[in-house]
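Please keep the sequence and the 3D view at hand while reading.

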Amino acid sequence: MRYLVARRVVQAGILALFAWGGAHAILTGNLSASVLFNRVPLSDPFAVLQVYLASLQMSLGALLGALIILGVYGLILGRAFCAWVCPINPIVDSASWVRRKLGFVRAYVSIPKATRYVLLALSLILSFVLSLPAFESVSYIGIVQRGIIFGTGAWVGVGLLLFCIDTFIGDKLICSHLCPLGAFYALSGRYALLKVQHHAMRCTKCDLCLEVCPEAQVLWMVGLKSAAVNSGECTRCGRCIEVCEDDALNFSLLDFKGSFDKKSKESLARTSSLPKTL
């Protein structure tokens with residue numbers, strides 16, 4: 001459960017830093033726009049894009065903050081925001097746990113996963129047409145995180161509604177099917193360095209990883225071939241690694257060893273094929 005504990009510590013820690021505030025605060029603002037150490041701007045790139053489309057204006061601080069966050073997730077962490085930072089994640093994880101305990105198998109609403117990409121595009125179009133940041137204006141993520149940070153109770157009803165939807169209507173509907181922010185990070189983090197690596201030689205095909213993964217389609221290679229999870233939809237939550245008793249899954253920034261071994265074998269094969277000379 002090491003990754004689950006680590007995720008909860010990170011999520012709670014970030015919200016606590018925001019709530020702390022004060023003159024000597026490490027982090028001020030919220031997940032949409034914040035300042036680190038009173039100097040470094042940090043901005044949600046999806047929110048900044050909506051604001052730009054709505055006003056056709058963008059401040060230098062917002063642009064810099066968006067580029068920093070986009071660089072962190074786009075180049076290194078992928079869609080890790082959804083599993084490690086987003087305050088909705090503990091809610092939907094709890095709903096999924098309750099759903100399994102109650103033995104709910106049937107999903108009363110079937111929504112394609114591609115719906116989140118449609119909502120992503122729609123959010124951007126409406127931001128331009130309506131001259132207001134469409135998703136940011138009604139974002140349940142914003143309502144929950146600001147409610148926790150500022151100590152208001154307005155977020156409780158929204159959180160309960162999200163919990164009930166994922167528990168009684170359909171498993172993982174909110175994050176895996178409907179969230180445009182998750183879709184944004186899935187697209188922008190498609191080529192991020194941090195990946196889950198699968199080692200087919202160790203796999204016994206127990207499929208436990210597929211049962212717990214919130215985006216099971218990304219683990220298509222399990223039991224078939226050794227490969228990295230290259231889909232941007234992977235949240236890097238580490239659940240598959242935690243339940244794998246075969247040590248067939250692990251995090252990897254870059255598969256240097258695999259690349260080195262492959263090149264060594266190719267080099268050896270070329271050498272052995274050369275004609276021997278006296």
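Two strands are said to pair if DSSP finds at least two bridges between them. Helices (H or I, at least four residues) and strands (E, at least two) are DSSP runs, numbered from the N terminus. The model is predicted: local features need pLDDT of at least 70, side-chain atom pairs count only at pLDDT 80 or more, and totals for chains, interfaces and linings use all residues. Residues are numbered from 1 along each chain as its sequence is written, and side-chain values use heavy atoms, with hydrogens and water left out.

**The open sheet**

- Three strands form an open sheet in the order E5-E4-E6, and their pairing is antiparallel.
- The edges of this sheet are E5 and E6, each of which pairs on one side only.
- Two bridges connect E4 with E5 in the antiparallel sense.
- Across this pair, glutamine 197 stands opposite alanine 228 in E5.
- In general, strands of a sheet pair through backbone hydrogen bonds, either parallel or antiparallel.

**Two hairpins**

- Strand E1 (residues 27-29) and strand E2 (residues 33-36) run antiparallel and are joined by three bridges.
- A hairpin of three residues leads from E1 to E2, and glycine 29 has serine 34 in E2 as its bridge partner.
- E2 also runs antiparallel to strand E3 (residues 40-43), to which four bridges join it.
- In this second pairing, alanine 33 stands opposite serine 43 in E3.
- The hairpin formed by E2 and E3 has three residues between the strands, and phenylalanine 37 in the turn has a positive phi of about 55°.

**A loop residue**

- Glutamine 57 is found in the loop between helix H2 (45-55) and helix H3 (60-77).
- Relative accessible area sorts residues into buried (under 20%), exposed (over 50%) and partly exposed (in between), using a 1.4 Å probe and protein chains only.
- Glutamine 57 has a relative accessible area of 58%, and it is therefore exposed.
- Contact means heavy atoms within 4.5 Å; leaving aside neighbours within four places in sequence, glutamine 57 is in contact with Val51 and Tyr52.

**Salt bridges**

- A salt bridge is a side-chain nitrogen of Lys or Arg within 4 Å of a carboxyl oxygen of Asp or Glu, and by this rule the count comes to nine.
- One of them joins aspartate 93 to arginine 7, with the closest N and O atoms 3.4 Å apart.
- This pair links distant parts of the chain, 86 residues apart: aspartate 93 is in helix H5 (residues 88-102) and arginine 7 is in helix H1 (residues 2-20). Aspartate 93 and arginine 7 are both buried.
- Glutamate 215 forms a salt bridge with arginine 79, where the closest N and O atoms are 2.9 Å apart.
- Here too the pair links distant parts of the chain, 136 residues apart: glutamate 215 lies in the loop between helix H12 (208-212) and strand E5 (227-228), and arginine 79 in the loop between H3 and helix H4 (80-84). Both glutamate 215 and arginine 79 are buried.
- Arginine 202 and aspartate 247 meet through their side chains in a salt bridge (3.6 Å, N to O).
- Arginine 202 lies in the loop between strand E4 (195-198) and H12, and aspartate 247 in the loop between helix H13 (239-243) and strand E6 (249-252), so the pair ties together parts that are 45 residues apart in sequence.
- Arginine 202 is partly exposed, with a relative accessible area of 40%, and aspartate 247 is partly exposed at 46%.
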